[in-house]
Amino acid sequence: MTEMSGADMVVQALVDLGVDTVFGYPGGAVLPIYDALYKHPTIKHILVRHEQAATHAAEGYARSTGKPGVVLVTSGPGATNAVTGITDALMDSIPMIVLTGQVPTTLIGTDAFQECDTVGITRHCTKHNYLVMDPDRLGPILHEAFHIATHGRPGPVVIDIPKNVQVATGTYSVPEIIQHASYRPQIEPDAGAIAAAIDMIAAAERPVFYTGGGVINAGPGASAALRQLVSLTGAPITSTLMGLGAFPADDPKWLGMLGMHGTYESNMAMNRADLIIAVGARFDDRVTGRLDAFAPEAKKIHIDIDRSSINKIVPVDLAIAGDAGRALDALVAAWADKGHKARDYGEWWRRIDGWRAARCLDFPEKKDAAAEIMPQRAVRALFDATRGRDPIITTEVGQHQMWAAQHFGFSAPNRWLTSGGLGTMGYGFPAAVGAQIGNPNRLVVCIAGEASLQMNIQEMGTAAQYRLPVKIFILNNEWMGMVRQWQELTYESRYSNSYSDSLPDFVKLAEAYGWTGLRIDTLGELEDGIQAMLDTPGPVIVDCRVAKLANCFPMIPSGAAHTDMILQPSDVTGTMDDEAKALV
Amino acid sequence: MKITTEAGERHVLAVTVDNEAGVLAKITGLFTARGYNIESLTVADITADHALSRITIVTSGPPPIIDQIIAQLDRLVPVHKVVDLADHEAHVEREIALVKVAGTGDKRIEALRMADVFRAKVVDTTLTSFIFEITGNSDKVDRFIALMRECGLVEVGRTGVVAIARGAEAL
């Protein structure tokens with residue numbers, strides 16, 4: 001037990017919790033904490049240029065290192081600017097602690113300067129939140145918040161700390177073991193359910209593993225167990241956007257991503273499977289397509305740490321609540337215990353090979369040096385050029401994100417950072433900043449669209465200040481491409497406000513911030529341009545001009561079944577009925 | 001530096017609101033956002049067409065804060081009327097509690113005898129337990145529960161306060 005100020009408690013608790021990095025922006029209501037951080041020997045504070053970027057940087061840091069991200073912002077606008085990133089972390093289950101300053105307790109409720117109801121505003125976009133009214137409660141709350149953010153299904157936790165609570169003194173001590181009074185997520189899966197799952201897997205003729213971000217969140221051990229289980233059973237595997245990297249993309253059992261912009265073979269396999277083993281995935285609408293046509297022939301096993309995700313959208317035959325890693329370990333062990341052997345799925349693989357023969361990710365392109373670059377080609381060239389360097393890839397949101405998911409092959413977890421659930425334009429670049437801070441010696445590339453990038457482009461200053469060698473690879477087609485694609489699909493190509501007008505000169509912008517700027521205009525320049533980006537030390541922005549009107553296929557239109565994929569641009573009819581128009 | 005809080009007085013507020021989704025969340029959100037206390041809160045719709053709900057809130061705070069609470073509530077769009085029953089010379093407050101007591105022998109007899117003194121009704125019984133229904137103001141309910149603690153109290157459910165002003169007039 002030590003008597004200290006609330007601000008000192010915050011810093012001491014961060015040290016005790018093993019935090020080495022805080023992303024933040026100072027302001028009146030957090031000045032005491034900033035003073036406590038001043039010249040702190042172990043905690044590095046990364047000064048961003050906008051609080052939203054602090055939250056995305058913390059997400060990038062968390063997703064790439066497996067450690068929780070920590071954010072420190074002031075009251076009022078500091079807190080409200082952080083809301084988008086907090087919501088993003090909730091949707092994608094990213095462990096994050098957001099410390100917000102608040103006006104002194106004596107002024108709460110008076111509409112004081114820079115006051116907002118942070119706890120009220122963030123109530124529905126946090127896993128949990130606190131308003132600390134008593135400095136003696138600060139220490140226990142900080143430790144409990146980290147526990148909640150990182151246990152069970154991870155998520156963001158906000159701690160709102162009034163300025164007088166930061167100044168007042170109280171007692172601080174490190175709690176021994178945190179045992180929350182009510183929050184006790186089930187970690188260990190039920191042994192009986194595991195045994196039942198093994199029997200279902202062994203009996204299946206057309207099984208598919210459908211895995212998601214929960215496998216990544218469960219740690220690298222979960223990905224290793226998944227590989228083992230897939231190898232033992234011999235069954236094919238697909239994954240959500242958030243789950244990419246848990247299983248290597250060059251393995252023959254890999255079907256590619258599933259869902260709206262997933263591969264034909266993965267979606268057809270889901271549709272025709274007789275057993276789906278969902279692990280850490282939540283049957284999102286982008287994955288299921290039309291629900292009444294989703295996997296009609298399949299029994300479903302659902303492993304998820306969040307009990308409320310089970311039977312939320314798709315009723316399942318066997319529910320297993322628990323940590324994905326523990327469940328996969330248990331399945332591997334049970335498979336061996338029961339003496340099962342990999343089945344001959346010959347007929348199933350022959351059908352899958354038939355769907356693979358559609359070569360759904362192929363795209364038309366001209367091959368001469370002066371030809372325009374197809375965006376898919378640019379992603380593949382980046383993938384080829386960075387093989388063996390084990391890069392961390394972040395994306396913004398839109399067509400480029402889907403092309404990256406389709407054409408960049410991931411072979412390990414925690415290398416793919418993207419905003420899946422919330423779909424936040426402006427996520428990718430600050431996430432790359434956070435990932436680079438957490439992995440100073442790794443290659444970090446943000447695959448961006450020219451529109452999304454501009455949503456947090458001010459972070460070029462942050463990267464310059466901390467000499468972060470992040471690379472931004474812009475697929476510049478001068479359009480909010482996914483918006484335009486939907487307008488072509490649904491609104492007879494009435495391009496309402498989807499053109500990226502008045503773009504900056506990205507090369508000059510790079511120079512203005514002390515970065516290196518490169519432009520790639522033609523196919524002939526692509527490989528050398530990418531190599532130049534990789535060879536240039538420090539931060540680099542590459543303005544890669546790509547085919548302006550290319551669209552992202554294959555695609556399951558909203559409300560369509562897995563079997564109704566659009567494979568080619570020529571399949572687009574240009575309009576939809578109102579029911580389809582109303583879907584997201 | 002130490003932080004001190006100001007003592008307050010108890011007020012019962014009767015609030016008439018549109019009976020629509022989200023109203024209760026708006027009102028409780030207002031209380032948490034502005035740091036006001038809620039000691040109890042009850043809500044039910046009160047009109048034949050289910051258009052209006054009456055919310056009774058027991059809160060406490062220094063007089064300027066109570067004034068502010070009333071003004072803040074009154075400002076909410078779905079709120080029709082806010083009345084501080086402390087402003088009325090007399091009002092009636094009632095609360096119901098269901099009190100489960102388990103035990104045998106003397107304690108069981110004593111519980112029944114005290115229930116009779118408090119005019120609590122027995123609404124369920126087994127050979128080893130009673131459930132009493134007690135109606136009254138909060139003090140009376142408090143006192144009954146405190147006595148039952150000595151007689152094998154196992155569980156309590158309380159409704160919170162509903163209140164109405166005396167006399168012939170409506171609010």
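Colleague: In which loop of chain A does Ala298(A) lie?

Modeller: This is a predicted model, in which local features need pLDDT of at least 70, side-chain atom pairs count only at pLDDT 80 or more, and totals for chains, interfaces and linings use all residues. Residues are numbered from 1 along each chain as its sequence is written, while chains are lettered from A and ligands numbered from 1 in the order in which they are written. Helices (H or I, at least four residues) and strands (E, at least two) are DSSP runs, numbered from the N terminus. Ala298(A) lies in the loop between helix H12 (285-288) and strand E13 (299-304).

Colleague: Is Ala298(A) buried or exposed?

Modeller: A residue is buried if 20 or more other C-beta atoms, placed from the backbone, lie within 10 Å of its own, exposed if 12 or fewer, and partly exposed in between. Ala298(A) has 24 C-beta neighbours inside 10 Å, so Ala298(A) counts as buried.

Colleague: Leaving aside neighbours within four places in sequence, which residues is Ala298(A) in contact with?

Modeller: Two residues are in contact if their C-beta atoms, placed from the backbone, lie within 7 Å. With neighbours within four places in sequence left aside, the contacts of Ala298(A) are Ala273(A), Asp274(A), Leu275(A) and Ile276(A).

Colleague: How far apart in space are Ala298(A) and Glu492(A)?

Modeller: In sequence, 194 residues separate Ala298(A) from Glu492(A). From C-alpha to C-alpha, the distance is 37 Å.

Colleague: Which elements give two or more residues to the side of chain A that touches chain B?

Modeller: On chain A, 11 residues are in contact with eight residues of chain B. The elements giving two or more are helix H5 (118-121) and helix H7 (163-167) of chain A.
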